[in-house]
Amino acid sequence: MAVTAGKGSRVWIIIFEALIIAVGFPCVIYQLWKLCISDYSDELRTGANQQQMNSTIIPAKRGNIYDRNGNTLAQSATVWNVVISPNAIHQADDNLKEGDTPMAQKVATHLSNILDGVTYSDVLKLTEDSTRYYEIVKKRITRPVLEEILEAEKAYSLKGIDFEESTRRFYPYGSFASTVIGFCNDEGGAYGIEAYYNKRLAGTPGRVLSARNAVGNEMDNNYKEHIPAEDGQSLVLTIDEVVQHYLEKALDTALIAHNPAKRISGIVMDVNTGEILAMATKEDFDPNSFNEVNNVKALERLEGLSGEEYEEQLSKERFNQWRNKAVSDPYEPGSVFKLVTLASAVESGHARETDSFYCNGVLEVANRSIHCWKTSGHGQETLNDILVNSCNPGFMTLGQRMGAETFSKYFEAFGLTEKTGIDIPGEADSIYHRVDKMGIVELSSSSFGQTFKVTPIQMITADVATINGGYLLKPFVVKQVLDAQGNVVESYDRTVRRQVISNETSKMVASMAEKVVSEGSGNGAYVAGYRVGGKTGTSQKLDQLDEYGQVTDHVLSFFGFAPADDPKVAVLVLIDEPELKSAYGSVIAAPVVGAIMSDILPYMDIEPKYTEEELEKREIYVKDVVGQKPHEAQSIMANAGLQGRLMGNGAEVIRQVPSAGAPVPKGSTVILYTDQETETPMMEVPDVVGCSGTEANKRIVSSRLNLRIVGADIDAEGTVAVSQSVEPGEMLEMGSVITVNFINQNAAEDLTNSDEPVVPAE
């Protein structure tokens, strides 16, 4: 029985074990499947790929940015990232002999000696983890640095160093148009056009996938897969490099002369297409070193700060210098808006050319006294007169005639309640009175350009619509998109958002605006031979009151266009809080626009049409007489209406001052040097600001310098000099040209004034 029981027990044990195996084995298999195939398959597969595969990014070449004539404004140069493989560096020490320097120390020594900003300890730390195959030591080195590392690598048998091809953004013109173009950082386009069109410019990076062997080394090319990069597209801008240069030159001069607290901005627009020919804000920055702050006022604000306080202020100053004031900063436009009010009143039937107005110097509006700039009043006026005189009571009358509903309808129609849609990032919204909240006071103040805010790009677009036939255009800065081979893949052209006023109304407004320059406060923008129209603006910053509740800060502006009888180009310049508190747009901003127009109109092949009086006074472009015999050179100058003064005893002219092509008034003296030995006479520049036209001319000519006149007729009564291109006391070569801006003080000014501050729009 005992034997039988034992045998039976063993049978049951075997059966039990068989059952356990039969049931348990599938469970184990299931768990292995779940572990390896289901739950962790992606993780394990990724881990295996990381061990067995190496992926290297091939950067795409970023597209270039060109001006409308093909000049390169932004391009990408090939640079390299320096990388090391800690694994390869440690493997190089497998057969290290006693007394030999470890490879990690050799690599750290030579890379730190060659690479600026990289220390020995920095590199040594990157080599510590021998399981790593990829560490970046430094990004974007140039070819000379690359070659220096390669030479060291060969000379000292360095191991584990590699290079990745990359690109670095380069701006050949430095700060030129920087607030429009923007810049790139490590992530790509960060500001301006670089940011707005980043996807088009950036392209698509490629990759090289390569297999590794059991010890982590790369296998041969049979185990590599190349996915090529797609280079970025290039952009052709509407910006004209020459027009941009003239705009920036004029703004730089105004910046020095008037020292505005909140910068200066300008826009040049093709009035028939909406193309931005030039746009600038000064002071600006160099996109090649965009983090550097060079603004003198900004550096003063940073002085004495440290730690977090310094870093916070530094960040603010950087953002401020990058900011494109022309599209991002709303401001109260002042009297440059009066063209919109005039056009709206005429088009809506609330004003006619034959209308009569009376200005006694003040208008009572809901128990508020709002004054004209001319406190004694203008007396009886026509519709044309209230524009030429920049008469606030006259324009308040127009606003009241239209009423809030009609005024608001045209305000919206001229695009001032919405963004323009310009292809630049950071465009701001306007701030204005809604029609349901516009009382008589708000309506009256809005009619002459106060108590609401628009951006400069909105204002120039609206003003252009008043003089181009009535068409509200969409402004734009990119004209074409090119593929990597230079083929045009997309073009942008004129976009008419709507026609706001009729051609007849527009012609009337343009004709009246021309008289603002020929007869009124805009005479500083006068350019001989050209019919220039425009409107001055001196707006109060009603939301910035001093401790006594008074407005002290102003924005000075001028909108100009030409030719007035067939408009082609418009310019808007605004100077935000100039140093001289009592300045006016007619005195400060109009001459800046005049200087810009005098440069760009001839460049744009717009033919001058001189009156007989202008022919007598017009400028002459100096002939090139270098290489001519002395007396022949004098004869050439005399035939051109200039005087040639010989200096030296040589046989031919070797140098002349002013140089060939310089514009000078008829009768100016050109110094002709005939040898190297003759000493160049240096003359001290006189101070002529505040002088009458005749006195300024006398002082400059007496100093043996030449005067170039911009603005009002210097022979007219009331003409005074308001700025000069060279600071008094500076020493210049005899015969050098001094450009002086003149205005006629008898013409109207345009400052808003009231007994009580008018409430700004919320």
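**Backbone exceptions and overall make-up**

At 43% relative accessibility, Ser157 counts as partly exposed; partly exposed lies between buried (under 20% relative accessible area) and exposed (over 50%), with a 1.4 Å probe and protein chains only. Ser157 sits in the loop between α6 (143–155) and β5 (161–170). Its phi is near 55°, a positive value in a residue other than glycine.

The model is predicted: local features need pLDDT of at least 70, side-chain atom pairs count only at pLDDT 80 or more, and totals for chains, interfaces and linings use all residues. Residues are numbered from 1 along each chain as its sequence is written, and side-chain values use heavy atoms, leaving out hydrogens and water.

Glu577 also has a positive phi, near 60°. This residue lies in the loop between β23 (569–576) and α20 (585–603). Glu577 counts as buried, at 8% relative accessibility. Most residues other than glycine have a negative phi, and most peptide bonds are trans.

Cis peptide bonds were examined next. One joins Lys282 and Glu283, with omega about 0°. Glu283 belongs to the loop between β12 (276–282) and α11 (296–302). The bond from Val657 to Pro658 is cis, with omega near 0°. Pro658 is placed in the loop between β26 (655–657) and β27 (663–665).

The chain holds 23 helices and 34 strands. These are DSSP runs, numbered from the N terminus: helices are H or I of at least four residues, strands E of at least two. Of its 762 residues, 49% count as buried. Among contacts (heavy atoms within 4.5 Å) between residues at least 6 apart in sequence, 73% join residues at least 24 apart.
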